[in-house]
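Hi,

Here is the structure I promised to pass on. Have a look at it first, and my notes follow below.

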Amino acid sequence: MNNFKILLAFLVIGCTSCAKNDSEPNQVTADKTIAATDVSTLKLSDDNTFQNTLPFPIGVGINMGILKRDSRYRDIVIKEYNSISAETAMKMKSLRPSATTYKWSEADDLVKFAEENNKRVYGHALIWGNSLPGWVKDFKGGYPEWKQMFKAHITQVVKHFKGKVVAWDVINEAFADNGDLKNTIWRQKLGPNYIDMAFIFAHRADPSAILFINDYGMEYGNNKRRGLVKYVEGMIERGIPIDGIGTQFHSRVNLPDAKFSRALNEIAATGLKVHISEMEISLNPASLQSLLLSSLLEREQAAKYEYIVRSYNALPKKQQFGITLWNVTDKDSWVLNYYDRPDWPLPFDGNYQKKPAYQGILDGVN
Ligand code: G3I
């Protein structure tokens with residue numbers, strides 16, 4: 001009798017696993033293990049069943065192409081994050097194939113996915129000097145024509161996503177390392193006032209949208225950070241409708257802890273909302289092609305994520321807009337392509353498994 005039961009049990013488990021193995025070999029074992037023991041997720045779950053979570057929104061920058069074709073990528077986004085940003089789908093290059101057309105499909109698919117999975121959508125980015133369609137660089141016209149084109153883009157995009165996108169990076173990466181405004185095409189054609197105009201046009205298009213200025217290097221560029229903060233304080237004095245500052249934190253494991261907390265505190269001193277908007281912690285900033293991942297590096301990375309999250313969680317609650325990681329797993333991180341180096345910057349590895357960095361993020365609030 002017993003032998004028969006054991007045989008039956010084996011057949012059931014066997015069958016289940018053989019079904020999945022066809023498409024995703026290690027899926028079954030990993031899932032079972034996680035499902036049995038691990039109850040943590042980064043996001044506060046909709047019905048609060050999970051204990052070990054973060055007290056502020058936790059987001060991720062997603063690539064729609066991968067989201068559509070990779071169920072393990074999608075599962076992590078659904079399970080772990082309650083806010084999503086578009087890695088490229090909402091940039092001018094993606095939305096504006098020509099001066100007279102708008103291509104909403106990929107961005108609309110992201111919004112649809114968010115609505116179906118109860119995710120907040122963060123809009124990235126309305127005006128940036130990069131990732132521009134060719135026709136913008138060749139756009140013919142004087143100040144009035146450029147202003148009209150600039151205003152139309154912001155107004156049309158914000159209106160299209162009104163009520164679906166809660167917040168926008170209105171201006172992305174406008175500051176140079178010395179703290180002055182970068183000489184982007186928008187500054188060349190519209191003058192330094194283009195930043196104020198962008199916020200005014202975005203606010204008119206959707207008065208309920210939370211409007212951010214976003215930039216990188218806040219943790220290691222003192223002049224840049226102070227230039228941005230000074231400019232934002234001027235905007236507040238001029239009554240420009242700005243609600244928050246995004247600090248990207250595309251950062252590295254060998255940057256001293258204090259640089260992160262100083263950046264967060266100086267930005268928060270404006271009184272505006274603070275969004276860590278595109279974080280990852282590189283383990284190979286020197287771009288060593290021979291570097292191998294080690295448990296020491298993983299522990300250092302976990303400690304860095306923990307320190308940053310702890311510093312963020314110390315900010316006044318009403319200013320905590322949330323933390324967003326840029327990309328989902330180490331293998332889809334922009335860092336590997338852009339710097340062409342081995343690197344492991346995120347809390348999930350290339351096999352979709354949690355790394356010590358994941359626990360580091362959670363420990364940051366405990
Ligand atoms: O989709 C096309 C594909 O059809 C084509 O075959 C391929 C080869 O050229 O390019 C693909 O487009 C690429 C796109 O990413 C999608 O993967 C673009 O060339 C590439 O430039 C684009 O890079 C993105 C970059 O912003 C520029 O938009 C990165 O994925 C994205 O991670 C990066 O994100 C930026 C933030 O927006 C702002 N802060 C810095 C951050 C990192 O650079």
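Which residues does Trp168 touch, not counting residues up to four places away in sequence? They are Met90, Tyr122, Gly123, His124, Leu126, Val157, Val158, Phe161, Ala209, Ile210, Leu211 and Phe212, where touching means heavy atoms within 4.5 Å.

Before you go further: this is a predicted model, with local features needing pLDDT of at least 70 and side-chain atom pairs counting only at pLDDT 80 or more, while totals for chains, interfaces and linings use all residues. Residues are numbered from 1 along each chain as its sequence is written, and side-chain values use heavy atoms, leaving out hydrogens and water.

Trp168 and Trp186 have the most contacts inside the largest nonpolar core, which has 104 residues. Such a core is a set of buried Ala, Val, Leu, Ile, Met, Phe, Trp, Tyr and Cys residues joined through side-chain atoms within 4.5 Å; buried means under 20% relative accessible area with a 1.4 Å probe, protein chains only. Helix α10 (residues 194-205) supplies the largest share of this core, 8 residues. Helices here are DSSP runs of H or I, at least four residues, numbered from the N terminus.

Now the ligand. An N or O atom in the side chain of Glu173 is 2.7 Å from a ligand nitrogen atom, and a polar side-chain atom of Trp326 lies 3.0 Å from a ligand oxygen atom.

Cheers

Methods:
Buried < 20%, exposed > 50% of the residue type's maximum accessible area, 1.4 Å probe, protein only. Helix = DSSP H or I, 4+ residues; strand = E, 2+ residues; numbered from the N terminus. Polar contact = N/O pair within 3.5 Å; in protein donor to acceptor, adjacent residues only side chain to side chain.
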